[in-house]
Amino acid sequence: MRLLVIGGVAAGLSAASRARRIDRSLEILVLEKGGTISYAACGLPYYIDGRVPSVDDLVVHTPEYFRRERNIEVRTSTEVAAILPSRREVTLAGGERVHYDRLVIATGARPKRPPIGGLDLPHVFTLHTLASAVRLREFIENQKPRRAVVIGAGYIGLEIAEALRTQGLAVTVFESSNFVLGRQDQDLTEAIRTLLERFRVDLRLNSPVAAIEPDHVADVPADLVVLAAGIAPNVEIATEAGIQIGRTGAIAVNDRLETNLAGVYAAGDCAEATHILTGRPVYIPLGTTANKMGRIAGGNAAGARERFPGVIGTSITRVCGVAVAATGLSNAEARREGFDSVAARIESSDRAKYFWAMRTSVELVADRGTRRLLGGVVLGERDAAGRINVIATAIANRMRVEDFEQLDLAYSPPYAPVWDPLLVAAQQLRKQLG
Ligand code: FAD
């Protein structure tokens, strides 16, 4: 009995590892088209800003580790060109055929290439793989660019902008929509614009880029351009095999992460997930989700019966030294989904005032009818991860604002104020809900 996994990063290796724990006798083979497996793409911006000295620091495990410690065979530089479900085989790029009994597709995603002129110019980069990061850093070190344009104000674009600014470049970010971080949230967009201005990063909203020229983009001189205009799931081999693609453009799966083909599972950035609040399929590709989905897909492929409950899109990123964390739906998104939503935003101290307190802002969104929490945003230099995780836990547990307001949260002057900002926001939201 052989489990074949296509893709050797977060989702693929989580799937293989979990399958091994469920079934010790299963033959497990991972095929990865790149030269490296098991690396932390999330650390790439910090390799660009110099904080991570070498890309090798981002590699978690090698193929030898998987062979020795987990009895999992990993073949790198091995691309799957086609899946042949009727024969339970895949064809490799060189023509070799490999049999499978169960298959996990974990092919990830790639940077989108919108129809922009000049994308192939030598000063245009993306940041997605270790190799792409090495190319970008070498260009910075060797060519010493002074002015950069980043296309896209999602979290990757903003992290790159900060990394380039830290390296001393002048940075302009072009964003085609009127909001940042892919979240329809005007207040958040304004807060981030202020942070970027302080860091002297020029953010241009409603500014789709039509063409990149050798030395400028629109009216901005640029000797380096980084394309960060979103990512697209790698679904081509799945589509050709007759695997169903969902409305989001990613592979459709059920709550066991099985595709429409029995015994074929999909996980991570190539697959869609159900939004816990709306029940609808969404495409929110994140490393956290990829690891969890991979674990469940691999477990089920090995015979377990586990369920993936879905996502609410909890994320955190650093923008110019400040953590920006979000979960669930923004007010605008909640309304679009048919909720009668209300939002409250507060600013308060993150510690006792006399203990070197800093300002933190919290926004909570709730549904007027059910009074359940739907979303939240936390901005602050400290403790934003802990606070957003409390909100995410409350949302996933369908908590009402009144119950959230009574949470027994910790207090001690060096760590938190007696009224945690989350509780202050909940009080404000309850008042607004009436
Ligand atoms: P991938 O990591 O894309 O791996 C898929 C693998 O499949 C690739 O190695 C690819 O070569 C291989 N493959 C594709 N097609 C084939 C084929 N036909 N044959 C063989 N192999 C194939 N997420 C967070 O949660 N927090 C963060 O802070 C964060 N920061 C990020 C920063 C950056 C710069 C980037 C790029 C991503 C970041 N992410 C973050 C996202 C996170 O890295 C991804 O969600 C995660 O890597 C997805 O894992 P995956 O295994 O699904 O896909």
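Tyrosine 354 sits in the loop that links strand 22 (341–349) to strand 23 (359–367), where strands are DSSP runs of E with at least two residues and helices are runs of H or I with at least four, both numbered from the N terminus. The model is predicted, with local features needing pLDDT of at least 70 and side-chain atom pairs counting only at pLDDT 80 or more, while totals for chains, interfaces and linings use all residues. Residues are numbered from 1 along each chain as its sequence is written, and side-chain values use heavy atoms, with hydrogens and water left out.

**Surface around tyrosine 354**
- Tyrosine 354 counts as exposed because its relative accessibility is 59%, the class for exposed residues being over 50%, with buried under 20% and partly exposed in between (1.4 Å probe, protein chains only).

**Ligand shell**
- The ligand is surrounded by 29 residues, the closest being Ala11, Glu32, Asp269, Leu286 and Gly287, where a residue counts if one of its heavy atoms lies within 4 Å.
- The shell around the ligand divides into 17 nonpolar, 8 polar and 4 charged residues, with Ala, Val, Leu, Ile, Met, Phe, Trp, Tyr, Cys and Pro taken as nonpolar, Asp, Glu, Lys and Arg as charged, and the others, Gly among them, as polar.
- Helix 8 gives the largest share of the shell around the ligand, 3 residues.

- A backbone N or O atom of alanine 10 lies 3.1 Å from an oxygen atom of the ligand, and a polar backbone atom of glycine 287 is 2.9 Å from an oxygen atom of the ligand.
- For lysine 33, a polar backbone atom is 3.1 Å from a nitrogen atom of the ligand.

Technical notes. Polar contact = N/O pair within 3.5 Å; in protein donor to acceptor, adjacent residues only side chain to side chain.
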